[in-house]
Protein chains: 2
Amino acid sequence: MTQHTPYHSFSIQSAAAGRRPTAMDLVESVLRSRREGRLPAGARLPPVRAIERQLGVSKNTVQSAYDELVARGVCVAREREGVFVAHDAAEREAIVSRSAAAPRVVATPALSGPAPSDAIKLSSVFIDPALLPRERLADCARSVLRTPGLDAFYDPQGYAPLRAQIAERLSARAMAVDPSQVIITTGSQQALDIVVRALATRRVAVEDPVYSHARFLFENLGATLSPLRLDPFEGIDLDGWRAVIERDAPSLLYSITRFQNPTGYSYQPHELDALLALSERTAMGLLEDDWGSDMLSDGDYRPTLRALGGDNVLYANSFTKKLLPSLRVGYLVAPRALVPTLVAMKRLSTLGNPWLTEAVLSEFLDRGYYDTHLRAVQAALDARYARCLEALSARMPEGCRWTLPGGGPTLWLEVPRSVDVQRLSAQMAARGVNIESAAAHFAGARHLNGFRVSYAFVGEADLDRALTILGNELREAMR
Amino acid sequence: MTQHTPYHSFSIQSAAAGRRPTAMDLVESVLRSRREGRLPAGARLPPVRAIERQLGVSKNTVQSAYDELVARGVCVAREREGVFVAHDAAEREAIVSRSAAAPRVVATPALSGPAPSDAIKLSSVFIDPALLPRERLADCARSVLRTPGLDAFYDPQGYAPLRAQIAERLSARAMAVDPSQVIITTGSQQALDIVVRALATRRVAVEDPVYSHARFLFENLGATLSPLRLDPFEGIDLDGWRAVIERDAPSLLYSITRFQNPTGYSYQPHELDALLALSERTAMGLLEDDWGSDMLSDGDYRPTLRALGGDNVLYANSFTKKLLPSLRVGYLVAPRALVPTLVAMKRLSTLGNPWLTEAVLSEFLDRGYYDTHLRAVQAALDARYARCLEALSARMPEGCRWTLPGGGPTLWLEVPRSVDVQRLSAQMAARGVNIESAAAHFAGARHLNGFRVSYAFVGEADLDRALTILGNELREAMR
């Protein structure tokens, strides 16, 4: 006979082997288990129907056994809950007064919070929602829901047609990428997360100032950071970077090669080349974050680390900023040998991402909407960039300077050392303009004194108003 | 005059202060920057229009300066790319031969891979897709796309109406939860991720065997694990658990209180109570994973750690398994004081999750579809459970035993010690049946010799076929 060990923790035996247990067998079994300490106070007995199914005894037999146990005070029946081994009064008291301990947690990282919704967000890295194709995305979603229906499962690496489309787009930009090398992520943030999780040694070189979410992420994953000073007016001090990298031997360099966050700096080809040489020589991996090039009207013709350095360069990009933040679709392109480990890291983090949004994006790309959209965004940003430069020339007091990225979403405005940017930020907030003081971006000494000016998010009228206010506040601060 | 520092790394000066620079000024500026080492080979000069905008000189002036530089061999013009400081031949050669180093990564964790798609997946933790309301979800998606349109942004904590609905549902199950305590996550996996990231000390007590994705996740986050032996036939050895917890002082206990993965064990009320007492006494936090109770037809009436222990218990649950895996929506309920840190951890990991899927789920809940769906799933699982018990009784050889969870998705089948489960798994695979050997689930010594039998995923005919094959293979193995 098959040996059943019953519902969680009590064992039923017939008095006679091979025969179905009687009600008394059940009662005896409970009493025995109780004596042996295997049915403590509070333990729930199996539901009547479970025993019924298991042993083939009738519902009535089980019910009368339970009634008997309740009558003897061994058990209590709780309506709609079942039958439980009885507690004594002291035990019941203890349950009522329980209050678990909360775990101790780390300090909350100083991530930038949302600005008041009516403020002009002069430092936003987002694109003006008015420029985003929400209706066309909704069209694609309707189409996806009509034709193949919702898939029940997800591919942990990401929706295969979308991976193929991404590989094709990158190949057209001189990056030879196979769909099997593409891992879809929740924005590019998850791409950074899974790469650093996967590192055998978590030592990461970062630009300084660095994208603060990346910095806090790497720190949270226990990485040791090597800050590499970046001055957007001077370009990269390659000798300085080489010295730090040779000293610290980081396992990875994380760099945003276009519109570096927060400085807006774009790497020069000779700088990319020097980093590739350093990677080769020091066995330091490269993680290139290329969020910005799609926003530049000549971005297709600018080389990337991935284009110059080939397969071994890890390359992250995202549709979120340029298409729709709430879509949360980014991707990572990885060396073939690293893909299984990186997909495993993604599975540890989120298992996979929603099928629906990936399918909607795939439809959007398939219809050619994304290229149309990018051209429109680029034209709008070119125009806004020109207006921003005009307004800066007209409104900023002497002693201020700004980078000239040639278009795209954002530039860096540097103000004189005498200006306290933190204080300026508070004063601007009082006037309804939000600027980011950038303090959290510095992993090393704070060698710049400025902030992002984003013409991508702010419309032309607001931009002019915000820069007028900024000019006045700066003049005040510099007095 | 405002000081412009130009495109990345070269500085333009007029011969006469206050006058617009001439073409010769531009040429001289480039030559000077080149001499001073600030314009290395490969550096790109600013686009013509950027200088035009910046200095107000005409396009023609800039163009003739650039033509002059190209003519002198100082620069090269590349069609559609721009004007670059010239490389010599040796430098060009070097660029072409660059190949970056790939970073060294950790060993890939032994996560279970996908079973062949035509295999009967006897150990799956998913629900049969035939039971999932895909058409109703598509209806809700169409409605969401019609009425409010796509939101451009996402709430990092999760879509507010969905958080309110979750809080209300939990409150109806004796868990007093405020919407501000709910954090939407990408499945419950992300809930585990953000909790362990947030721990001040990453020492985690886990059931043994433990849900293997949780184990690998915690290890990847650098946590020290304390395995707590769990025998689904014997219940929890509370004295043993107490001893380990007092010795190791973990900062958190992670437990799956219903249908523990992989054993299918459900905690008894007195066991929950004992863990709450331990938490109070040792300041160990509790993270309860309650994925299973919604699948049990009497699950509403079973207490949880969160219901008994109140606010300080961290509580994770998910809609993915029960509703649609590809939706990837789970949630975490946290003590109020911990919410800001936990939301920050989510932002570090993924910034936020797609708005669309959260809005679709909210609509689905709002229409009452989820309750209807759960009742249908519970009825189907009850029936499958009964069939599974029948088939086990009929097919399993003597010496096998299985748990009786009373319904839900899965039970644990224990086979005699003489059977090599790894080998059995290979033999079953050859016969078209996938079972999980569970080796990866053991953080400590492997004290069980069995695997999950999931009646939730496998239809009745397949289940009977699979168990017939299993019975035969087991008899073979036990010979």
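Copies are superposed here by least squares on the C-alpha atoms of residues with pLDDT of at least 70 in both. On that basis, in this predicted model, a rotation of 180° with 0.0 Å of shift along its axis brings chain A onto chain B with an RMSD of 0.1 Å, which is the relation of a two-fold axis. Local features need pLDDT of at least 70 and side-chain atom pairs count only at pLDDT 80 or more, while totals for chains, interfaces and linings use all residues. Residues are numbered from 1 along each chain as its sequence is written, and chains are lettered from A, with ligands numbered from 1, in the order in which they are written.

**Interface between the chains**

- Chain A contributes 119 residues and chain B 118 residues to the contact, where two residues are in contact if their C-beta atoms, placed from the backbone, lie within 7 Å.
- The side of chain A that touches chain B has 62 nonpolar, 38 polar and 19 charged residues, with Ala, Val, Leu, Ile, Met, Phe, Trp, Tyr, Cys and Pro counted as nonpolar, Asp, Glu, Lys and Arg as charged, and the others, Gly among them, as polar.
- Because 99% of the interface residues of chain A are also interface residues in chain B, the copies meet through the same surface.

**Strand 13 of chain A**

- Strands are DSSP runs (E, at least two residues) numbered from the N terminus, and two of them pair if DSSP finds at least two bridges between them.
- In strand 13 of chain A (residues 410-414), 5 of the 5 residues are buried, so the strand is largely enclosed by the rest of the structure; buried means that 20 or more other C-beta atoms, placed from the backbone, lie within 10 Å of the residue's own.
- T410(A), W412(A) and E414(A) point one way from this strand, whereas L411(A) and L413(A) point the other way.
- Strand 13 of chain A pairs in the antiparallel sense with strand 12 (residues 401-402) of chain A over 2 bridges, and E414(A) is the bridge partner of R401(A).
- Strand 13 of chain A also pairs in the antiparallel sense with strand 15 (residues 450-454) of chain A over 5 bridges, and there L413(A) stands opposite F451(A).

Terms used: Buried ≥ 20, exposed ≤ 12 C-beta atoms within 10 Å, placed from the backbone. Helix = DSSP H or I, 4+ residues; strand = E, 2+ residues; numbered from the N terminus.
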